[in-house]
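Let's take a guided walk through this model together. Please have the sequence and the 3D view open side by side.

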Amino acid sequence: MIDVSPSLALLVLVGVMVGCGTVLVLERSLSRIVIGASLITYGVNVMVLMAGGRAGGPPIIGQTEVADMADPLPQAMVLTAIVIGLALTAFMLTMAYRTWQLNGNDEVQDDREDRRIALAAARDAVAERVTDDSGATLDEQAAIVFDETEDMPAIDVPDVKPERDQPPRGGPQ
Amino acid sequence: MNPDDWTWVLGIPVLVPFAGAAFTLLLARAPAAQRVVSLVALTIVLLDAVFIGFLSLRGPLILDVGGWAAPVGITLVADRLSALMLMVSVFVTLCVLVYSFTQDLAENQRLPIAVFQPTFLILSAGVSNAFLTGDLFNLYVGFEILLVASFVLITLGSTRERIRSGTVYVIVSVVSSTIFLIALAMVYAALGTVNMAQIAIRASEIDQGTAQLIQVMLFVAFGVKAAIFPLHAWLPDSYPTAPAPVTAVFAGLLTKVGIYAIIRTQTTLFSNSNLNGVLQVFGLVTMIVGIMGAVAQDDIKRLLSFTLVSHIGFMLWGVGIGTLEGLTAAIFYTAHHIIVQTALFLVSGLMERVGGSTSLVRLGSLLKTWPLLGVLFLIPAFNLAGIPPMSGFLGKLGLIEASAAVGRPLDWALVAGGLLTSLLTLYALLRAWSMAFWQPSEDDEVGKPQVPWTMTGATIALVAASLGLTLFAGPIYSYARGGAIELRAQAPYVVAVLPDAERGTGQSHTEAEEEQGTPTTSSTPVVPPLGTPSQSPTSSPTPGGAP
């Protein structure tokens, strides 16, 4: 059996690569994220290789003494992981290019629908919708039902309508 | 009939979709032929999955891929959990495939069908591989197959919205895969193997702190895929923009693959886990936070995405109880949820098609336009909320009973949280129903729906299946119970894969047997030359490496 204690140099390498990659992934620009993700993936690939112990001779019977053989299993796994990483990087690059084509930049954008609901909640606005046959919205009904507030000074409730930022019905997306 | 003669059927759920994908790519210019190929491929896989389910009744079924012995070679294992998940997932995939046949005719949801069919089949192959594999690294490969296919599907047409949501999805998935890979490196460093059965043997022998660290890493990696709070934020952000069949199959399958992996980790790999309490807490928070999100939404697809997140919590709850009853209920609930959630997303696709929008503020009068659709929405909605006597109710009842039997404060908190979540699910879905189906439409131009029969038929099939799950709940529940017993006992799985606790069936021999006569660990394997025929189980390896 070969020595399985990890090499410090490789450990530092993994740390630096994954650390730099993490910083880059947290950026908003997609091309930086791609570089960051690649750095993390390669760092982790080195880590998988380390899991098999120190380097040894080629694991072929008759060429290397069994005691000096490197563990071939992590090598096989890393090869698979490298191929997968390549495919993912290619896909992310295509996506960054497409984002640039569409928007002129490659920044990851916020979810507009998410923001719309958050804004509506912040304004404490009830969605304008009709709930029964009377045809009145919830706001209008509330004003009628709770008439104990009649004596109180009127509060100016702004008429807030939900934004409509979706494309018109049936239109292209 | 000897099950050992039939182990080759385990390869079909992975191989046939891949072959189908290749053919559909070749037939890119003939959409009709493409559809036939995909339909035939998935039908074969469905029949095969039912057959596997039948065979797995007699104990786990093993296939050594290429005849290579277990700890070194890749093993496909179908125990009851895998078989049940496979059956349900392939059925759902087939329904969604039929549903998608006419999607390209919809004005606002045009699918580039030439890319869609092959990618869809590859997704199916990846899901099947993830469910069947008995090797942790192969599970990673299965995840990557289905993820890469899902990347293509979620950005179909690469419109601005889909690229935006796809970006979030892709980055989150890549990060979670990386965490999984780190966990794999740790598993190999600590245990010297990635074979699940061998991990199960060795996990109790290593330092428990290390084992727990590995377990937490795996839990985080799978937690992102299963969309567990606080790792769920990507899901409602990215799923709704995809075309309806894509969202449906993602919602049904991809998160459940994560749940399946968590069940495997908690039972097969690390049986003496003390993470159960953590799982329960995350389950509780996921349920509550998810359903709160659903209540706030006024877009039907986003609302359904949040209920999806919320109900993942129920499955975690079942796994976290840590008893046989809890695990049984979790497995049953997973099967139920795959069907019901997919059905709901398919119905939302029909609603979008008929009403022209997914916004509940704009939709209206659908009940007048198409009463059948109202029924098709209401049945899975009631089922998801858990109205008796539907399968959702039975699953929740199982969870509550299992929790009550244990009776710790956390269990009672989960019972309360689960009931509250069910109530809010009912509220959110009925509100959506009354807004989409009952409230007067804004414009009266809603005409008679022109919906292809394949879309309606596929949706009806799934809704009928969810009712069938209720009708045959007894046998299915006892099947799930058998699966849970098998998982908790651990031994059937391990013995099936590694009959003598060292080597699996198939052919490969250790260097030790050749030169020293003592067994060694898998870290210095010597494998047979290519082309060596596989031999029957427990046959003695040929000396010298040549037959």
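Predicted model: local features only at pLDDT ≥ 70, side-chain atom pairs only at ≥ 80, totals over all residues.

Residues are numbered from 1 along each chain as its sequence is written, and chains are lettered from A and ligands numbered from 1 in the order in which they are written.

Let's begin with chain A. It has 5 helices and 0 strands, where helices (H or I, at least four residues) and strands (E, at least two) are DSSP runs numbered from the N terminus. Its elements run α-α-α-α-α from the N terminus on. Of its 173 residues, 25% count as buried; a buried residue has 20 or more other C-beta atoms within 10 Å of its own, an exposed one 12 or fewer, and a partly exposed one falls in between, with C-beta atoms placed from the backbone. Among contacts in chain A between residues at least 6 apart in sequence, 53% join residues at least 24 apart, a contact being two C-beta atoms, placed from the backbone, within 7 Å.

Chain B comes to 21 helices and 4 strands.

Now look at helix H2 (residues 31-55) of chain B. The buried residues of H2(B) include Arg35(B), Asp48(B), Val45(B) and Ile52(B).

Next comes helix H10 (residues 244-269) of chain B, which packs against helix H12 (residues 300-321) of chain B at an angle of about 15°, with the axes 11 Å apart. Axes here are lines fitted to C-alpha atoms, for helices over the stretch in contact, and angles run from 0 to 180 degrees between N-to-C directions. That makes H10(B) roughly parallel to H12(B) (under 35 degrees is roughly parallel, over 145 roughly antiparallel, 65 to 115 roughly perpendicular, and the rest oblique). Residues of H10(B) in this contact include Ala251(B), Ile259(B) and Ile263(B), and those of H12(B) include Leu308(B) and Ile312(B).

What is the angle between H10(B) and helix H13 (residues 324-355) of chain B? Their axes cross at roughly 170° and come within 7 Å, and the two helices are therefore roughly antiparallel to each other. Among the residues in contact are Ala248(B) and Gly252(B) of H10(B), and Thr334(B) and Phe345(B) of H13(B).

Finally, let's visit the loops of chain B. Between helix H8 (208-226) and helix H9 (234-238) sits Pro230(B), joined to Phe229(B) by a cis peptide bond with omega about 0°. Ala227(B) lies in that loop between H8 and H9 as well, and has a positive phi of about 60° although it is not a glycine. Ala227(B) counts as buried because it has 27 C-beta neighbours inside 10 Å. Another cis peptide bond, also with omega about 0°, joins Pro388(B) and Pro389(B). Gln490(B), in the loop between helix H19 (473-489) and helix H20 (491-497), has a positive phi of about 65°. With 16 other C-beta atoms within 10 Å, Gln490(B) is partly exposed.
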